[in-house]
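Student: I would like to go through this structure with you. May we take it topic by topic?

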Amino acid sequence: MRVVIVGHGMAGSRLAAELHARGGDRKVTVLGAEPHRAYNRILLSTLLAGKIDEPDVELAEVSGQGVDLRTGVTAVAIDRAARQVRTADGDRIPYDHLVLATGSRAVVPPLPGLDSADLPDRVATFRTLADCRRILATARRARRALVLGGGLLGLEAARGLAARGLDVAVVHPTPWLMERQLDAAAGAVLAGTLAGLGVSTVLGVPATRVAADTDQVRLGLADGRTLAADLLVLSCGVRPDTALGTAAGLAAQRGIVVDDRLRTSDPDVSAIGDCAQHDGTPTGLVAPAWAQARVVARLLSGEEPTARYRPRPPVTRLKAAGIDLAAMGDPGVGPGEELVFSDATRGTYARLRIDGDRLTAAILLGDNPAVGTVVQLFDRGGPVPVDRRSLLLGRASGTAPAAAATSPALMPDGATVCQCNDVSKGALVGCWRGGARTVDEVVAATRAGTGCGGCRDALAGVVGWLAAADSVAVP
C-alpha cells in the first residue's frame, strides 16, 4: 500500500511515526514544504523567550524502513483520477491513500501598509519556525515591541519578548483578552498579571494602518493614536490551509470536511489536524491532531478497522512563564450554577459552571492546586464534590488543599495526566511495571509531556510516587 502524507508538521509527522511503529508492507512518503525537520509548534513561544534552543523544539522523526521523508518539497496539485500528487519540482507521486495534513496559515489583517505576500521589514507573523527566527533577529536589536492580537498565541509571543527584556504592548480590538476562552472579569485579571510581567495592553481599539521603515514601525489606531515600536508581531488568528484540497474538488467549509474515519468526500483521501473540519469544527489544537493521526494509522494498518475519531472537550492552557491559566467550555452564560472567586491583587480568578453534578465550564487563572482535578472532571464528566470550594479555591472547607489534586495515589487509573497525548495514570503505571524507571524512559515509552509540556510536573509526581512505592531510587 502506498500512503502519501502532505504536510510534515505536528500532525503529519505523528501519523508517519504511528504508521512506522505498526510495521507492515506499506510505503509511506511524507512531503514537507518547510526545509527543516518537524518541530513542536507549541514550544515556539518558549524558544522566543530564550528558555530553550532550536534543537529542543525538534520532534523525533522516522525515515527509512518504508518511510520516505522529503523536506523542502511543496505539493501543488492532486490528480484524484490518477491518484497522484504533483510537486513544485514536477514530480508525480502515486498513492493508494492520501492524507492531507497541511495545517493552517497565519491571518494577515487587511490593513493599509501590510501585504501578506511581502510583509514590511520589522513586521512578522508568529506561526512557524521561520517566523520565530525572523522575530528573534529583529528582537536582538529592539527595545520596544508591539503585538497585534490578544489571543492565545499573541500573549505567548508577548510574554516571550518581555522575557528578553523588551518593552511590550499588546493591541487587541475587543474589550478584553482571549475573549473566546475568558469572560471580561478573567480578562481584566489576566491584563493585570501581564502588566506585572512587563506587558501592557491596549484594549477595545482596532488597528487601522501600518507604516514601517528601516528604523521603526508605526501602528495607527481607530481612536487616532499612533504607537511606535522597533518590531510588530502579527497574531491575528489562523486559517485552515485548504487550498490543495479545494483545488482538487474536495468538500470544504472552514476546513476540509471529514467524517468519523477522517475521510474526506473522496474515500481515498483523509485529512487530519488544523486543515480538517470534523463535525462542523476545525480543531486548531495538538491533542485532537494527534488523536486523529492515531485513528488514521489504525485504519490504514488494518489494526482496528472499526476505529473512529471521537473528539474530547478541549482545554486551553496558556503556556507563558509566570501565568497559570486553564479554560474549558463556553465562557458565556449557560445553564446551571455559577461559582466565582476573584482576587485581582494576587492575580487569581476562578469561575466554575456546574449543571446538575457535572462541570460544564471553568476558568482558572493564577495559583489553584485543584486545576488538575478540575480538568479531569471536565474531561471525563465525573460528578463534582459536594463541597464546591475544593474546586474553586483548591481547598475543602477552607482548611487544607484538596487531596485529589496533590496525591497520585488517589488519582483513578483512568485520569488523564497528559492531555496532548491522551496518556492516563494507568498507562504510566503500566509503563513503570514494564521496566521504565526514570521520567525520560516513561516519556520515551508513552510520549507523555512531549506536547505543550504542561503535564511535566504531574508526570514527575506520578513517577516519584511509583518510585517511593517500589522503594526504587529514580536518578
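Student: Is Cys-431 buried or exposed?

Tutor: Cys-431 counts as buried, with 13% relative accessibility; buried means under 20% relative accessible area, exposed over 50% and partly exposed in between, with a 1.4 Å probe and protein chains only. This is a predicted model, in which local features need pLDDT of at least 70 and side-chain atom pairs count only at pLDDT 80 or more, while totals for chains, interfaces and linings use all residues. Residues are numbered from 1 along each chain as its sequence is written, and side-chain values use heavy atoms, leaving out hydrogens and water.

Student: And how many disulfides does the structure hold?

Tutor: The structure holds 0 disulfides, a disulfide being a pair of cysteine sulfur atoms within 2.5 Å. Cys-431 is in none, and the nearest cysteine sulfur, that of Cys-418, is 13 Å away. Cys-418 is buried, at a relative accessible area of 1%.

Student: Changing topic, what lies over the face of Trp-290?

Tutor: Arg-14 does, at 3.8 Å from the ring centre. A charge sits over a ring if NZ of Lys or CZ of Arg is within 6 Å of the ring centre and within 35 degrees of the ring normal.

Student: In what order do the 3 strands of the open sheet come?

Tutor: The order is 18-20-21, with mixed pairing. Strands are DSSP runs (E, at least two residues), numbered from the N terminus, and two of them pair if DSSP finds at least two bridges between them.

Student: Which residue stands opposite Thr-281 of strand 21?

Tutor: That is His-278. Strand 20 (residues 276–278) pairs with strand 21 in the antiparallel sense over 2 bridges.

Conventions. Helix = DSSP H or I, 4+ residues; strand = E, 2+ residues; numbered from the N terminus.
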